[in-house]
Amino acid sequence: LRDNRIELVRASWHELSISVSDVSLSDEGQYTCSLFTMPVKTSKAFLTVLGVPEKPQITGFTSPVMEGERMQLTCKTSGSKPAADIRWFKNDKEVKDVKYLKEEDENRKTFTVSSTLDFLADRSDDGAVVSCRVDHESLNSTPQIAMQVLEIHYTPLVKIISSNSWPEEGQTIILTCESKGKPVPEPVLWTKDGGELPDPERMVVNGRVLSISFLNKTDNGTYRCEAKNPIGRNSTEYVLIVHDVFNTLLPTTVIPSLTTATVTTTVALTASTTTSATATSIRDPNALAGQTGPDHALIGGIVAVVVFVTLCSIILLGRYLARHKGTYLTNEAKGAEDAPDADTAIINAEGSQVNAEEKKEYFI
């Protein structure tokens, strides 16, 4: 061996050692060691030289990329022997669906390997780090990596956030228009029912925030927030409904109204007709206007009148029965006024046993 890169390390009757520096692919082959004895003895060994892959490069990326466009990124490395392995990652997550291509170099000893990543650009890919990693046994478990940061442009994404989920009259509501896009959207535009805001004094716009103070029913409507950038524009809507304040008191006013009506009915049952009539004319001040339902005061008055009429009828019937009994006793005593003695009076009385067969009485 006659090469300046080859150096004799040790030479003795028992051992002969050499070293080769700056190894190249041409150093690959069969090496023979001979011992000049009678006969000559030899020993052979085959040296394999690995081709170290070059640092990979990513091509095919143009910045910026519009959302929805197709992207084709290619990672390529040369000089590997045997052929290197290429893997793709997006934000440290491996991408499996790729194309792999292997070609021999001109020296017929090493290989050029390339891999293509094909996908549609999405707004979620903006700012993502795409990396190409080359693995090879000559790299001693330290892969070579090439990285590319994606820049995706997309139309604004608009969202309205309300500060009050149940706005009432007299209150203040704040509507915030969140818009996200690339490039950054211009200041948003607020409209109501397709036109400008009708009351600029109460409806104040500060950047992306719309504040409406002293709400009333005229503020009901559809509010639109629109954002745009050089890529396009987008908008969203919020329907505002202003509620009455007294609607929130409805559950607490129904029960007192019914309680007052019940007390009025009880008084009517124990009082006279005049008291009942007075009670029926009293109305609960807490009762809601237009509320329909049974008039308990009127029912109490009617019951009082019925009770009064019944009592009067019982009294009249009692007096009639008392008078009828007195008339009956008087008729029994007829014929006894002119009798000279008691025996004669009894005999002459219409109620005696002598006239019993002729007398017939009926009592109804």
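Biologist: Does G194 count as buried or exposed?
Modeller: The model is a predicted one, and G194 is found in the loop between β16 (189-192) and β17 (203-206). The cut-off for an exposed residue is over 50% relative accessible area. G194 has 77% relative accessibility, so the residue counts as exposed.

Biologist: How far apart in space are G194 and G221?
Modeller: Along the sequence, G194 and G221 are 27 residues apart. In space, taken from C-alpha to C-alpha, the distance is 10.0 Å.

Biologist: What is the make-up of the chain in helices and strands, and what percentage of its residues count as buried?
Modeller: The chain has four helices and 20 strands. Among its contacts between residues at least 6 apart in sequence, 58% join residues at least 24 apart. Of the 364 residues, the share that counts as buried is 27%.

Biologist: Which residues touch the most other members of the largest nonpolar core?
Modeller: As a general background, nonpolar side chains tend to be buried together in soluble globular proteins. The largest nonpolar core here has 20 residues, and the elements that give two or more residues to this core are β7 (70-80), β8 (85-90), β11 (111-120) and β12 (129-135). Apart from it lies another core, of 18 residues, with V158, W190, M203 and V242 among them. In the largest core, the residues that touch the most other members are M71, L73, W88 and L150.

Biologist: What does L150 contact, leaving aside its neighbours within four places in sequence?
Modeller: L150 is one of the residues touching the most other members of the largest nonpolar core. With neighbours within four places in sequence set aside, its contacts are F61, M71, L73, F119, D125, D126, G127, A128 and V130.

Biologist: Over which ring does the charged end of K90 sit?
Modeller: The charged end of K90 is 4.4 Å from the centre of the ring in question. Elsewhere, K102 lies over the face of F111, at 5.4 Å from the ring centre. For K90, the ring is that of F119.

Biologist: How many aromatic pairs does a search of the whole structure find?
Modeller: The cut-off for such a pair is ring centres within 6.5 Å. A search of the whole structure gives a count of zero.

Biologist: Why is the disulfide of C75 and C132 left-handed, and how many residues apart in sequence are the parts it ties together?
Modeller: The sulfur atoms of C75 and C132 are 1.6 Å apart. The torsion about their S-S bond is about -70 degrees, so the disulfide is left-handed. C75 is buried at 0% relative accessibility, and C132 is buried with a relative accessible area of 0%. Because C75 lies in strand β7 and C132 in strand β12, the pair ties together parts whose separation in sequence is 57 residues.

Biologist: What pattern do the disulfides of the chain follow?
Modeller: The count comes to two disulfides, and C177 and C225 form one of them, with sulfur atoms 1.7 Å apart. C177 is in strand β15 (residues 173-182) and C225 in strand β19 (residues 221-229), 48 residues apart. Both C177 and C225 are buried, and their link is left-handed, with -80 degrees about the S-S bond. With bonded cysteines counted along the chain, the pattern is 1-2, 3-4.

Biologist: What percentage of residues 297-317 is helix?
Modeller: The unreviewed UniProt entry annotates residues 297-317 as "transmembrane region". Over residues 297-317 the end C-alpha atoms are 31 Å apart.

Biologist: Is F46 buried or exposed?
Modeller: F46 lies in strand β4 (residues 41-47). Not counting residues up to four places away in sequence, F46 touches E28, G29 and Q30. Its relative accessible area is 55%, so F46 is exposed.

Notes:
Residues numbered from 1 in each chain as written. Predicted model: local features only at pLDDT ≥ 70, side-chain atom pairs only at ≥ 80, totals over all residues. Heavy atoms only, no water. Phe/Tyr/Trp six-rings, centres within 6.5 Å; stacked < 30°, edge-to-face > 60°. Lys NZ or Arg CZ within 6 Å of the ring centre and 35° of its normal. UniProt positions renumbered as here; feature names shortened; annotations may be inferred. Core = buried A, V, L, I, M, F, W, Y, C linked by side-chain atoms within 4.5 Å. Buried < 20%, exposed > 50% of the residue type's maximum accessible area, 1.4 Å probe, protein only. Contact = heavy atoms within 4.5 Å. Disulfide = S-S within 2.5 Å.
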